[in-house]
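The structure comes first, then the details.

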Amino acid sequence: MSEKNKKEINQQSYPNGKLDTDQKEKSVVAKIVWSIIAILLVLIVVFGVSAYNFYISSIEPLDPKSTEEIQVEIPSGSSSADIARILEENNVIKSASVFNLYTRFNNESNFRAGYYVFTPAMDVDEVIDSLQAGGTDLPVDALERVTIPEGSTMTQIAAIVEAKTAYTSDEFMSLIEDEAFQKQLVEKYPQLLTDVSQMEDVRFMLEGYLFPATYEVHEEMSLEEIVDAMVGKMDTVLQKYYAQIEESSQSVHEILTIASLVEKEGSDYEDRRKIADVFYNRIELGMPLQTDISVLYSLDTHKERVSHDDLEVVSPYNLYQNTGIGPGPFNSPSEESISATIDPAETDYLYFLADIDTQIVYFAETYQQHLEYKREYVDTK
């Protein structure tokens with residue numbers, strides 16, 4: 001076949017002579033397209049992972065080990081976006097945008113204005129909880145924290161107030177005994193104070209009615225406001241128990257009186273429930289409660305051990321010499337002791353004693369068993 005004929009055949013089979021070239025070009029383009037798609041997919045994955053890691057990192061504490069306290073003011077009328085910006089600017093959170101996203105996704109709202117103290121060790125959930133609980137009306141540095149320990153007596157509370165505020169112990173005690181002030185409180189908190197206002201022989205009407213807690217007191221706060229806050233806190237705590245107390249055969253005053261004894265006699269909740277039951281069992285049998293707490297209160301002093309002579313002190317509060325629970329509370333009981341008194345254990349115990357070193361409380365149904373525990377765990381110390 002001549003070269004001319006071959007050329008003609010090739011031109012007929014492969015028009016323009018470009019088939020191989022087109023296929024090659026298409027193959028190259030396809031490779032480029034798939035490469036671009038692959039690169040885009042990788043970029044999307046990388047971006048997604050980075051965004052997720054940033055999100056997770058941003059809801060975690062800024063600095064888990066930090067103990068720095070940062071005071072932040074959230075102005076009234078601030079939006080969630082405003083609050084997020086303020087928190088980021090004050091180095092409380094890592095990202096305002098993530099904070100906004102997190103609160104929207106979790107439907108968190110009801111943030112309140114005020115002054116707050118945050119730390120970089122708080123995660124987003126803790127910051128949100130604080131914002132929903134509410135801050136203070138005044139800057140924290142303008143406040144004094146007054147802590148009343150559980151089981152504090154009225155005179156001890158007076159000393160604490162004197163140490164932490166501009167008011168003296170004498171001023172505090174004078175107000176506590178002011179009848180006009182007492183009347184105001186009874187009218188304001190009738191469920192709480194009506195019973196005690198009708199009691200006789202109580203040393204201080206408000207003994208046991210000032211709830212043990214930490215209170216934030218500012219310079220302009222009057223002594224009346226401070227005491228009112230403590231009484232109001234007790235009323236708030238008891239709101240969940242009033243109905244239960246009303247259904248029982250006891251009064252609020254009786255519950256707080258027994259709870260004040262339980263407060264000092266036990267530290268474990270279950271022990272306190274048993275101790276409360278011991279008191280109830282003895283009351284039912286007409287036995288004196290014989291608690292050292294009552295003797296120490298009668299003596300108005302503190303001792304590690306009560307002597308036999310101490311037991312003879314003449315006072316309606318001395319529950320060695322008198323049956324019943326006495327005129328009223330011996331101190332300010334905690335909510336745990338109040339709860340244990342309202343819901344005591346069901347036992348046949350009539351006696352108990354505690355190992356001072358181990359804090360273990362030993363309960364007995366008989367006096368003989370009680371004496372054996374005393375010889376083994378107390379007398380050998």
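## Second largest pocket

How much space lies in the second largest pocket? About 150 Å³. The model is predicted: local features need pLDDT of at least 70, side-chain atom pairs count only at pLDDT 80 or more, and totals for chains, interfaces and linings use all residues. Residues are numbered from 1 along each chain as its sequence is written, and side-chain values use heavy atoms, without hydrogens and water.

A pocket is an open set of points on a 1 Å grid over the protein atoms alone, with protein on both sides within 12 Å along at least five of seven lines. Lining residues have an atom within 4 Å of a point. Here they are Thr136, Asp137, Leu138, Leu143, Glu216 and His218. By class, two are nonpolar, two polar and two charged.

## Cavities

A cavity is a set of grid points where a 1.4 Å probe fits but cannot get out. Two cavities reach 30 Å³ or more.

## Nonpolar surface

Val28, Val29, Ile32, Val33, Trp34, Ile36, Ile37, Ile39, Leu40, Leu41, Leu43 and Ile44 make a nonpolar surface patch of about 1,200 Å². Nonpolar side chains are joined within 5 Å.

Ile36 is found in helix α2, residues 19-59 (a DSSP run of H or I, at least four residues). Ile36 has 44% relative accessibility, so it counts as partly exposed (between buried, under 20%, and exposed, over 50%, with a 1.4 Å probe and protein chains only).

Terms used. Grid points are joined across faces, edges and corners, and a volume is the space filled by probe spheres set on the points. Patches are made of residues with over 30% relative accessible area and no salt bridge: like charges are joined within 9 Å, nonpolar side chains (Val, Leu, Ile, Met, Phe, Trp, Tyr) within 5 Å. Accessible areas come from the Shrake-Rupley method with a 1.4 Å probe; for residues, only the protein chains shown count as cover. A salt bridge is a side-chain nitrogen of Lys or Arg within 4 Å of a carboxyl oxygen of Asp or Glu. Helices (H or I, at least four residues) and strands (E, at least two) are DSSP runs, numbered from the N terminus. Ala, Val, Leu, Ile, Met, Phe, Trp, Tyr, Cys and Pro count as nonpolar, Asp, Glu, Lys and Arg as charged, and the others, Gly among them, as polar.
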